[in-house]
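Let's take a walk through this fold, one piece at a time. Have the viewer open and follow along.

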Amino acid sequence: MSTEALLSARKLTKRFGGLAAVQDVTLDLWRERIHAVIGPNGAGKSTLTNLLSGDIAPSTGTVALGGRDVTGWSPERISRAGLGRSYQKTNIFLPFTVWENIRLAAQSRTPHALRWLTLADSVGAANERAERALELAGLQHRRGHVAAASSHGEQRQLEIAMTLATGPQVLLLDEPLAGMGTAEAERMVQLLLRLKKEHAIMLVEHDMDAVFTLADHLTVMVNGQVIASGTPAQVRADANVQSAYLGE
Ligand code: ADP
Ligand code: MG
């Protein structure tokens, strides 16, 4: 196993006018570990996710992926370099089946410039990625079902399957348990534990039971800044966190 973090962010800052939505955030993501990021609304969690995925460029600071500096790269290029993210807003194409959605996502991995080639090779590889994603996400039994007919929980599983189909090493998940009932949330927790075996995961999540079940490392953000970072036990014991966020 590599001793190098798959993703390393160093002193990331993003200013919107006078507001520092993210300020001096440093964080590492490692294979087989879930790094949870928590904090109240407006803390900067989504902005941080967008900075790591290339959806927005940092004002200052750097992001490295697999040891390569990817700061300023486009989201498409960062995605091809091995970073997958799910969006709070869904990318699912509702009239298509579960399989078709996953298969389309797998195809998007192929660089635009090469798509016209449609080599048997790349088609085969995309099929394989899609099959594995379907299986990992536990959606085999829904394969031929139209996405619109899927439950909320299954649609969130589908979003993750679509992200997996691009073949990422690093996964950024923004509130995958949002709006779920107990049974759905439990299914998602089990899915995240399966994904952890092969990926480095950053998990932005409000569900504290899930966070404390899943997280190997926990970072707490308030007003764009990291106020605590460590194991869940360390963070829980931190006096700053208790007064600023956990409200204990
Ligand atoms: P969180 O995801 O933790 O709720 P966000 O990252 O969405 O927080 O937002 C952090 C802060 O940055 C908030 O004050 C928000 O209003 C502000 N913000 C986020 N995106 C923009 C933007 N595109 N333009 C201006 N302000 C923004
Ligand atoms: Mg957010």
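This is a predicted model: local features need pLDDT of at least 70, side-chain atom pairs count only at pLDDT 80 or more; totals for chains, interfaces and linings use all residues.

## Ground rules

Start with the overall layout. Four strands make up an open sheet, and reading across it the order is E2-E1-E4-E5, with antiparallel pairing. The edges belong to E2 and strand E5 (68-69), each of which pairs on one side only.

On one side, E1 and E2 run antiparallel and are joined by seven bridges. With strand E4 (residues 60-65), E1 pairs in the antiparallel sense over five bridges.

## The hairpin

How many residues lie between E1 and E2 in their hairpin? There are two, and Gly17 in the turn has a positive phi of about 60 degrees.

You can follow the pairing by picking out partners. Phe16 stands opposite Leu19 in E2, and Arg15 stands opposite Ala20 in E2. Another pair to find is Ala9, whose bridge partner in E2 is Leu27.

Most residues other than glycine have a negative phi. Lys11 is not a glycine, yet its phi is positive at about 45 degrees. Lys11 belongs to strand E1 (residues 7-16). Asp24, also not a glycine, has a positive phi near 55 degrees, and its place is in strand E2 (residues 19-29).

Are these residues buried or exposed? Lys11 has 12 other C-beta atoms within 10 Å, and 12 or fewer counts as exposed, so Lys11 is exposed. Asp24 has 14 other C-beta atoms within 10 Å, so Asp24 falls in the partly exposed class.

## A helix on the inside

Now jump to helix H1 (residues 45-53). Nine of its nine residues are buried, so H1 is largely enclosed by the rest of the structure. The buried set includes Leu48, Leu51 and Leu52, but also Lys45, Ser46, Thr47, Thr49, Asn50 and Ser53.

## Two helices side by side

Last stop: helix H5 (residues 152-164) and helix H6 (residues 182-196). Their axes come within 10 Å and cross at roughly 20 degrees. Angles under 35 degrees count as roughly parallel, so that is the label for H5 and H6. The crossing of H5 past H6 is right-handed.

Which residues make the contact? From H5 they are Gly153, Arg156, Gln157 and Ile160, and from H6 they are Glu184, Arg187, Met188 and Leu191. By type, the residues of this H5 and H6 contact split into three nonpolar, two polar and three charged.

Terms used: Residues are numbered from 1 along each chain as its sequence is written. Chains are lettered from A and ligands numbered from 1 in the order in which they are written. A residue is buried if 20 or more other C-beta atoms lie within 10 Å of its own, exposed if 12 or fewer, and partly exposed in between; C-beta atoms are placed from the backbone. Axes are lines fitted to C-alpha atoms, for helices over the stretch in contact, and angles run from 0 to 180 degrees between N-to-C directions. Angles under 35 degrees count as roughly parallel, over 145 as roughly antiparallel, 65 to 115 as roughly perpendicular and the rest as oblique. A crossing is left-handed if the near helix is turned anticlockwise from the far one by less than a right angle, and right-handed if clockwise. Two residues are in contact if their C-beta atoms, placed from the backbone, lie within 7 Å. Ala, Val, Leu, Ile, Met, Phe, Trp, Tyr, Cys and Pro count as nonpolar, Asp, Glu, Lys and Arg as charged, and the others, Gly among them, as polar. Two strands pair if DSSP finds at least two bridges between them.
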